[in-house]
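Biologist: Can you bring up the model? I have some quick things to ask.
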Amino acid sequence: MNWYGIKAIYIHEMERFRRTLFQSLASPIITTSLYFVVFGSAIGSRITEIDGINYGSYIVPGMIMLTILTQSISNASFAFYFPRFTNTIYEILAAPLSSFEIVLGFVGAAASKSLIIGCVIILTANFFVDVRIDHPLLMMFFLILTSITFALFGFIIGMYAEGFEGLQIIPILVITPLVFLGGSFYSINMLPEFWQKISLLNPVLYLISGFRYSFYEVSDVSLFTSTLTILTILIGCIIFITYTFSKGYRIKD
Amino acid sequence: MKNILEIKNVTKFYKNSVKALENVNLNIKEGEIFALLGPNGAGKSTLINSICGIVNFNTGTIKINNMDIIKNYRATRKMTGIVPQELNLESFETVWNNVNYSRGLFGKRPDHNYIEKLLKQLSLWDKKDNKIKELSGGMKRRVLIAKALSHQPKLLFLDEPTASVDVELRKDMWDVVKKLNKDGVTIILTTHYIEEAEELSDRVAVINDGKIILVDDKDKLIEKLGEKTIKIELLEPIENINGNLTKYNFTLDQTNKIISHTYNLNSNTTDITELLNDIKRDGIEIKDINTEQSSLEEIFIKLIKENNNELVRN
């Protein structure tokens with residue numbers, strides 16, 4: 001293993017995060033605060049509780065998941081697309097690094113950034129509502145696994161994007177709607193039966209549900225199904241990346 | 001001297017079926033400066049990128065230090081450094097971070113003393129804390145060289161190292177290249193400036209349309225393919241070429257005072273003695289004589305023209 005190489009990519013990416021620390025943290029904090037104002041205060045005054053949990057507290061796991069998903073994808077996709085855009089990728093391709101090591105460096109850094117932001121969101125949420133974490137280890141398990149999985153997904157976008165617009169299409173058109181419709185701000189039990197069934201087709205529902213269980217021991221689907229779903233997405237991303245790398249990852253053509 | 005790089009039957013097609021390299025065979029000796037010449041789109045960069053692992057080639061084998069670059073990619077890549085044609089750098093990073101990052105990528109333990117020495121050698125030490133965007137084009141080019149040397153490679157590829165660089169800086173770069181070579185680094189450079197190849201290289205290859213059409217020692221090449229021109233300046237202008245001089249195929253300049261006669265260096269006999277004798281016999285007085293040898297550039301243009309004509313015929 002080229003540990004120095006992995007470390008170089010990781011530190012290089014984290015350095016970018018440090019340089020833009022204010023933007024990196026300010027945006028999710030402001031967005032979270034706005035969600036609390038809109039959903040927590042405005043809607044929360046009409047929906048007081050869901051499954052015995054105060055509405056403001058209930059939406060915290062969903063909001064963290066929303067941030068983790070979007071940040072993991074955008075961090076990883078930008079991190080790999082940027083050297084392609086500036087042509088500095090030549091150095092990574094010419095270095096004695098295996099594809100696994102390249103992914104480890106980029107995805108490790110993107111997931112780390114997301115984890116830091118996720119933790120900041122939990123702290124921010126505490127200023128607005130009471131946040132209880134019944135299973136901290138399980139919460140960390142979901143947080144880390146989701147960060148890595150969606151950083152891998154972002155890495156794929158970074159490999160395939162043909163321009164900066166391409167980096168935004170999937171997060172905006174696919175991920176954000178799936179998160180909003182995946183029970184971030186409500187329980188699917190509140191929906192009519194037909195829409196409940198439709199919601200079960202949304203993989204993000206399982207992630208949010210499992211994550212919420214680690215906070216309040218309430219969930220829309222079983223913990224096992226949630227874990228299985230995230231692992232399936234993770235394996236799917238790994239297979240896809242391995243396949244793309246074996247074909248020259250669209251860069252070595 | 002042993003070969004540090006061996007390229008056998010390498011062919012590369014791009015996705016749109018464009019053949020970039022066709023059956024390329026080339027050996028590079030350890031310690032030499034080798035110049036790869038060719039017009040735009042000839043395949044110079046594709047060949048270098050194939051050796052360095054930046055693009056995949058379709059068939060053939062490439063060995064560095066007798067190790068296959070695909071099977072032993074870790075060992076072979078640690079031995080190579082590349083300076084790309086374009087100024088591809090992260091603008092917001094400092095020189096110091098950029099160079100140390102490159103060393104890390106190549107699996108080398110941090111060595112701040114070596115990087116300091118390298119930056120001083122390339123006159124970059126006082127710029128180490130500057131962001132790349134604050135540097136001039138020439139400085140950026142030096143940073144690229146520092147990055148390529150950060151892991152102490154044995155084989156350095158310079159892809160058009162002095163493209164868009166002013167004359168003074170170009171000479172500066174040449175000194176850097178010569179110094180590196182003196183320190184034991186084998187150098188392969190591609191260039192558009194034939195003058196550069198003439199100044200720096202020990203051997204030269206000419207590539208055209210993806211094929212290597214010639215490999216030879218630079219001096220031998222000039223001697224073998226070069227032509228020499230003798231210029232005879234006359235004391236008085238001559239109106240017409242007549243008498244003994246009509247049998248020669250020479251040209252007279254506009255002032256009718258300078259006779260130019262071209263002959264091949266490689267031929268066994270030249271008719272210079274006879275020409276001078278005939279000038280004397282015709283009663284023409286000579287003021288001065290000088291000779292000019294064709295440059296590598298002229299040889300290069302001639303070769304490419306011949307090769308292109310051959311391609312058209314085929």
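Biologist: Where is B:Asn23 found?
Modeller: B:Asn23 is in strand S2 of chain B. Strands (E, at least two residues) and helices (H or I, at least four) are DSSP runs, numbered from the N terminus. One caution: this is a predicted model, where local features need pLDDT of at least 70, side-chain atom pairs count only at pLDDT 80 or more, and totals for chains, interfaces and linings use all residues. Residues are numbered from 1 along each chain as its sequence is written, while chains are lettered from A and ligands numbered from 1 in the order in which they are written.

Biologist: What is the phi of B:Asn23?
Modeller: Near 50 degrees, a positive value in a residue other than glycine.

Biologist: And why does B:Asn23 count as partly exposed?
Modeller: Because B:Asn23 has 14 other C-beta atoms within 10 Å. By definition, 20 or more other C-beta atoms within 10 Å means buried, 12 or fewer means exposed, and partly exposed is in between; C-beta atoms are placed from the backbone.

Biologist: Back to the strands. What is the order in the open sheet of 4 strands in chain B?
Modeller: S2-S1-S4-S5, with antiparallel pairing. Two strands pair if DSSP finds at least two bridges between them.

Biologist: Which strands stand at the edges?
Modeller: S2 (19-29) and S5 (67-68) of chain B. Each has a single partner strand, so one side of each is left without a neighbour in the sheet.

Biologist: How many bridges join S1 to S2 in chain B?
Modeller: 7, with S1 covering residues 3-13 and the two strands running antiparallel. As one example of facing residues, B:Val10 stands opposite B:Val24 in S2(B).

Biologist: What about B:Val18, buried or exposed?
Modeller: Exposed, because B:Val18 has 10 C-beta neighbours inside 10 Å. B:Val18 lies in the loop between S1 and S2 of chain B. From B:Val18 to B:Ile51 it is 33 residues in sequence and 19 Å in space, C-alpha to C-alpha.

Biologist: Where is B:Asn256 found?
Modeller: In the loop between strand S12 (251-252) and strand S13 (258-264) of chain B. B:Asn256 is not a glycine, yet has a positive phi of about 60 degrees. B:Asn256 counts as partly exposed because 14 other C-beta atoms lie within 10 Å.

Biologist: Zoom out. How many helices and strands does chain B have?
Modeller: 10 helices and 14 strands. The radius of gyration of chain B is 25 Å, well over the 20 Å that the globule rule gives for 314 residues, so chain B is more spread out than a compact globule. That radius is taken over C-alpha atoms, and the rule is 2.2 Å times the number of residues to the power 0.38. The C-alpha trace of chain B spans about 80 × 45 × 35 Å along its principal axes. Buried residues are 36% of the 314 in chain B.
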